[in-house]
Amino acid sequence: MKRLLFGMGGALALLFPGCAFQQTNPKSGDYPGYKTSAYTIKGNRFIPMSVENALTYKAEGLCSHYEGGSRWRSAKTAIGENVKPHHVHAAHRTLPLPCKIRVTSLRTGRSMVVRVNDRGPFIRGRILDVSAPVAKELGFYHRGLEPVRIEVLSVGDGKWERKAIAAEP
C-alpha cells in the first residue's frame, strides 16, 4: 500500500511540477521559511514575534540548561531537528525558528553564538534554555541558572536567512 501511495505521489509530482512537495529538512540549507506559528503549552498560548521584530531583539534575564536527548536516542526540536547531548543549541518561547543569537553571561562575560531551534523554557522568570555544551562554555553548567544577555544575529537558514539590523553606536 505504501508503495502504491508513493508511486501515485511521484506520478502526480511529474504531472504537476509546480505542486511538488518541498523537502523540509532544516539542515539541508533549504529550510522553507521560518516557524512563527502560535502554540499552546500547559494552557498558555504563545505567539512568536515577527521576523522583523526579531531582527532587533535584545533581552536580559535568567538562562537555564538541559541535557537534551541521550547518547543513543535522539529527541526532536520544535522544527524537527535531532538533539544530542553534544549539540550546541537553545530554546526560546517567542523567537522565530530557526535563528542565531549571541548569548553573553552577565556574571563571567563569556559569550557564544547559538542556534535557537526549539521552544522553551516554560518556567516563569526564565528567558532561555541552552544545551549543556553552551552552559559549560559560558561557565554555569554546575550553577544551573545564569543571568544572560541575548541578541539576535540572524533569522532563518539558507536562502531565507536574514541578518539582524546593526545597532547604531
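Residues are numbered from 1 along each chain as its sequence is written, and side-chain values use heavy atoms, with hydrogens and water left out. In this predicted model, local features need pLDDT of at least 70 and side-chain atom pairs count only at pLDDT 80 or more, whereas totals for chains, interfaces and linings use all residues.

Strands are DSSP runs of E with at least two residues, numbered from the N terminus. Two strands are taken to pair if DSSP finds at least two bridges between them. Strand β8 (residues 111-118) has six of its eight residues buried (under 20% relative accessible area, with exposed over 50% and partly exposed in between; 1.4 Å probe, protein chains only), so β8 is largely enclosed by the rest of the structure. Strand β7 (residues 99-105) pairs with β8 in the antiparallel sense over six bridges, and V103 has M112 of β8 as its bridge partner. Five residues separate the strands in this hairpin, where G109 takes a positive phi near 80°.

Strand β6 (residues 89-91) runs parallel to β8, to which three bridges join it, and antiparallel to β9, with two bridges. A90 has bridge partners in both strands: V116 in β8 and V130 in β9. Strand β9 (residues 126-131) is mostly covered, with five of its six residues buried. Strand β3 (residues 58-66) pairs with β9 in the parallel sense over five bridges; the partner of L62 in β9 is R126.

K42 lies in the loop between β1 (39-41) and β2 (44-46). K42 is exposed, with a relative accessible area of 75%. The C-alpha atoms of K42 and F122 are separated by 8.9 Å, while the two residues are 80 residues apart along the chain.

Definitions and conventions
Helix = DSSP H or I, 4+ residues; strand = E, 2+ residues; numbered from the N terminus.
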